Amino acid sequence: MTLALPVPTLTAGPAGLTLEGVALADIAAQFGTPTYVYSRAALTAAFNAYQQALGLRKSLVCYAVKANSSLGILSVFARLGAGFDIVSGGELARVLAAGGDAGKVIFSGVGKTRDEMRYALESGIGCFNVESAAELDRLNEVAASMGKRAPIAFRVNPDVNPNTHPYISTGLRSNKFGVAFTEALDLYRKASKLPNIEISGIDCHIGSQLLDPAPMAEAADKILGLVDQLASEGIKLDHIDLGGGLGIRYRDEEPPTPTEYLAPLLARFEGRDEALCFEPGRSLVGNAGLLLTRIEYLKPGVEKNFAIIDAAMNDLARPALYDAYHEIVAVAPRNVPATRYEVVGPICESGDFLGHDRDLAVDTGDLLAILSAGAYGMTMSSNYNTRPRAAEVLVDGSEVHVIRERETLEHLLKGERPLP
Ligand SMILES: *Cc1c(COP(=O)(O)O)cnc(C)c1O
């Protein structure tokens, strides 16, 4: 039986929930809790959905590393032939360590340092997504000092109307990302005259958790207008990158499939030469992972009942940070009426909750699975309250690979010292 749950390879059987047929209870017994558990089949299916939607079109899907940068996850995508969208030198090191192809790496971010530029140029990355005039000058300088030419795209803000699409947050004139649409033409002209810059493409990224293809199509129209204007001035681009942002189901959202999302874009690109690139993060990993946790205490209260678990906001920050909703299910629900709980962690903050008002048929010591935790989960984790970070395992058919060991207190104290 497949549950009506957002994680595609999660099913309920007599031994409780299983992922790709492996019992979550067995994973907890072997590796402890809290543990992030990912499904290789779900990661692969999510990537292939993009590839199938793109068909034979010249294209590259660059996984946005910040969504989940664990080497085990990156290596799955590297083997599928993915490119990677990075935002730091550290993420580049991860991609290379996981076997990713430097030539398929694009480097986004508003604050690239000289050291990061040098490292990326040495590694031979595919493209820098430049986000300001000052960054362009710095990159030209660094490339010159190395006797190289840096391939670039400008990240342009298409300024898609926020009133019609209120969830868009990064493609507007008013935020720190990218260059204004109205300045882009001049910047390309300037870049075309710099000796150590090689113009390669154009980029935009309008927001995250998008559930409607319309704003992307609107952005693509604006970008294409600009591309054609550039061509008329003799500035020809080899790729157009439309960013990431496709949403996923956490609760009852109904996001388009990659095929539905890409259809209006592919229609606009019919007959064009440029390679079409995307930078999806959440939609490749979000629903391929869950956070497995155990109930430490049940604490009935006058107004609320609390289920105190061994995972916390340091493990999964999204509920505390964004008031984000994650489905929480009992791994082996008991045959008793459900009780309504505040599901909270042990951290000394009132904001340390994983879910409000959840109906669960559970007892102390039972396991819970916090779903849709594959994206912006582990990468946003911290050691707040001196809590070692969770282990991560990747289920691959009948095998379970530890892709990150649970942190120990030695890891946490390493590099620190008291005053002599
Ligand atoms: C975060 C980010 C992405 C990925 O966004 P998702 O919503 O996870 O798909 C892609 N490109 C850039 C530049 C980003 O900052």
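Predicted model: local features only at pLDDT ≥ 70, side-chain atom pairs only at ≥ 80, totals over all residues.
Residues are numbered from 1 along each chain as its sequence is written, and side-chain values use heavy atoms, with hydrogens and water left out.

**View 1**
Most peptide bonds are trans, and most residues other than glycine have a negative phi. As for the names of the elements, helices (H or I, at least four residues) and strands (E, at least two) are DSSP runs, numbered from the N terminus.

**View 1. Aspartate 310 is buried and has no salt bridge.**
Aspartate 310 lies in the loop between β15 (306–309) and α11 (318–322). Buried means under 20% relative accessible area, exposed means over 50%, and partly exposed is in between (1.4 Å probe, protein chains only). A salt bridge is a side-chain nitrogen of Lys or Arg within 4 Å of a carboxyl oxygen of Asp or Glu. For charge, Lys and Arg count as positive and Asp and Glu as negative, while His and the chain ends are not counted. The nearest side chain of opposite charge to aspartate 310 is arginine 294, 5.5 Å away.

What does the side chain of aspartate 310 make with the side chain of threonine 33? The answer is a polar contact, at 2.5 Å. The side chain of threonine 293 also makes a polar contact with the side chain of aspartate 310, at 2.6 Å. (A polar contact is a pair of N or O atoms within 3.5 Å; within protein, one must be able to donate a hydrogen and the other to accept it, and residues adjacent in sequence count only if both atoms are side-chain atoms.) Contact in general means heavy atoms within 4.5 Å. Leaving aside neighbours within four places in sequence, the contacts of aspartate 310 include Pro34, Glu296, Asp315 and Arg387.

**View 2. Glutamate 20 and tyrosine 376 each have a positive phi.**
Glutamate 20, in the loop between β2 (16–19) and β3 (22–23), has a phi of about 50° although it is not a glycine. Tyrosine 376 is found in the loop between β19 (367–370) and β20 (391–396), and its phi is near 55°. Tyrosine 376 counts as buried, at 12% relative accessibility.

**View 3. Threonine 364 meets residues from elsewhere in the sequence.**
Find threonine 364 in the loop between β18 (353–360) and β19. Threonine 364 and isoleucine 295 are 69 residues apart in sequence, yet 5.5 Å apart in space, C-alpha to C-alpha. Not counting residues up to four places away in sequence, threonine 364 touches Ile295, Glu296, Tyr297 and Leu298. With a relative accessible area of 44%, threonine 364 is partly exposed.

**View 4. Glutamate 233 and arginine 189 form a salt bridge.**
Side chains of opposite charge can pair when their charged atoms come close. The count of salt bridges comes to 18. In one of them, the side chains of glutamate 233 and arginine 189 meet at 2.6 Å, N to O. Glutamate 233 is in the loop between α8 (214–232) and β12 (239–241) and arginine 189 is in helix α7 (residues 181–192), so the pair ties together parts that are 44 residues apart in sequence. Glutamate 233 is partly exposed at 37% relative accessibility, and arginine 189 is partly exposed at 29%.

**View 5. Arginine 268 and aspartate 221 form a salt bridge.**
Here the N to O distance is 2.7 Å. The pair links distant parts of the chain, with arginine 268 in helix α9 (residues 258–269) and aspartate 221 in helix α8, 47 residues apart. Arginine 268 has a relative accessible area of 31% and is partly exposed; aspartate 221, at 39%, also counts as partly exposed.
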